[in-house]
Amino acid sequence: MFWFLLRLIKRDFRWGIDGSLFKNDRNYFHYRAENIPFRFAVSSAKYAIQKSNYGDVSIEIFHDPKHHQNISHLIKSIQKTLAYCENNFGKYPYQTIRFAEISSFTRGFAATAYPATIYINEKQFHLNLTGGEGQDVINELAGHELSHQWWGNAQLKPVYRQGSGVLTETLAQYTQLMLYKNEYGEAKMLEMVEVYREMYESSKAFSGEEALYSADPDNANVIYNKGLVKMYELYLLIGEAKINAALRALLEGHRFPLGPATTRDLLEELRKVSGVEQYGEVERIFKL
Ligand SMILES: [Zn+2]
């Protein structure tokens, strides 16, 4: 399905095909990209493809034919995520969203997002959701990874520097949390917050207790775990509507190819929506 995936990617990014060649039992392709935000990836496998859509956005799930069990749930989660993000942050920027299963020989992540394409490790892809742990991993994955199509590394492209991980991972964690709340309610959301709080507390002796505002972008414990907990505090303080208005404004001012955003820009947008009395608290959430 190598050629097929590339042919589909071409629609979004206006690739120019310079020619293909069949030689020594192999297909060779030469593509020239014109409008890719800054990174892309290619996967090759004997994929089955299940298609659906959200409005004019085509949804395509590239998967091992044996791993079909969670696909309809995944598609529903994708549709809900697209609806939430489009309603709150702006139009999805591509024609297609693809989720592709990849081998668990690829270590180090559960899923990762590229513009218009999200890769999911097969371990996550066909998890038994009725296994009794009470966690909807597919919902979390779709919420987190798909929201990256709005934040870093897609529309928002922070420069690698202190605090930049907040504009990538913490904002994706926040979106995941809101989607989880909308699906399962406040009590389940609080359970999720406690899971992340525990993960942060148990690792902070190693990671340090950096403030989000200036966190090392590689400090995963801070930008993912502390990040989710702090965004929950922000949610309690100013509410979802104001946070989303600030994030939408941040994106409008810094959407690729406009200039990159920093956590200072994020705080400035939060200042505009939160009012003088609350802003001191907002700052403390990000700077402590
Ligand atoms: Zn992420």
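Student: Which residue forms a salt bridge with Lys-91?

Tutor: Asp-56 does, and the closest N and O atoms are 3.2 Å apart. Keep in mind that this is a predicted model.

Student: Where do Lys-91 and Asp-56 lie?

Tutor: Lys-91 is in the loop between α2 and β5, and Asp-56 is in the loop between β3 and β4, so the pair ties together parts 35 residues apart in sequence.

Student: Is Asp-56 buried or exposed?

Tutor: Asp-56 is exposed, at a relative accessible area of 62%. Lys-91 counts as partly exposed, at 46%.

Student: How many salt bridges does a search of the whole structure find?

Tutor: It finds 15. One of them joins Glu-252 and Arg-248, at 3.5 Å from N to O. Those two are four residues apart in helix α8, which means about one helical turn separates them.

Student: Ok, α8 then. Which residues of it are buried?

Tutor: Among them are Ile-243, Leu-247, Leu-250 and His-254. The buried residues fall within an arc of 160° seen down the axis of α8, so they line one face of the helix.

Student: What do they pack against?

Tutor: The buried residues of α8 pack against α2, α5, α7 and α9.

Student: New topic. Which residues coordinate the zinc ion?

Tutor: His-144 and His-148, each through NE2, and Glu-169 through OE, at 2.0 Å. Along the chain, the donors follow the spacing H-x3-H-x20-E. His-144 is in helix α4 and Glu-169 in helix α5, 25 residues apart, so to speak of the pair is to speak of a link between distant parts of the chain.

Student: Are His-144 and Glu-169 buried or exposed?

Tutor: Both His-144 and Glu-169 are buried.

Note on methods. Residues numbered from 1 in each chain as written. Predicted model: local features only at pLDDT ≥ 70, side-chain atom pairs only at ≥ 80, totals over all residues. Heavy atoms only, no water. Buried < 20%, exposed > 50% of the residue type's maximum accessible area, 1.4 Å probe, protein only. Arc of directions from axis to C-beta. Contact = heavy atoms within 4.5 Å. Donors = N, O, S within 2.8 Å, 3.2 Å for Na, K, Ca; no water. Salt bridge = Lys/Arg side-chain N within 4 Å of Asp/Glu carboxyl O.
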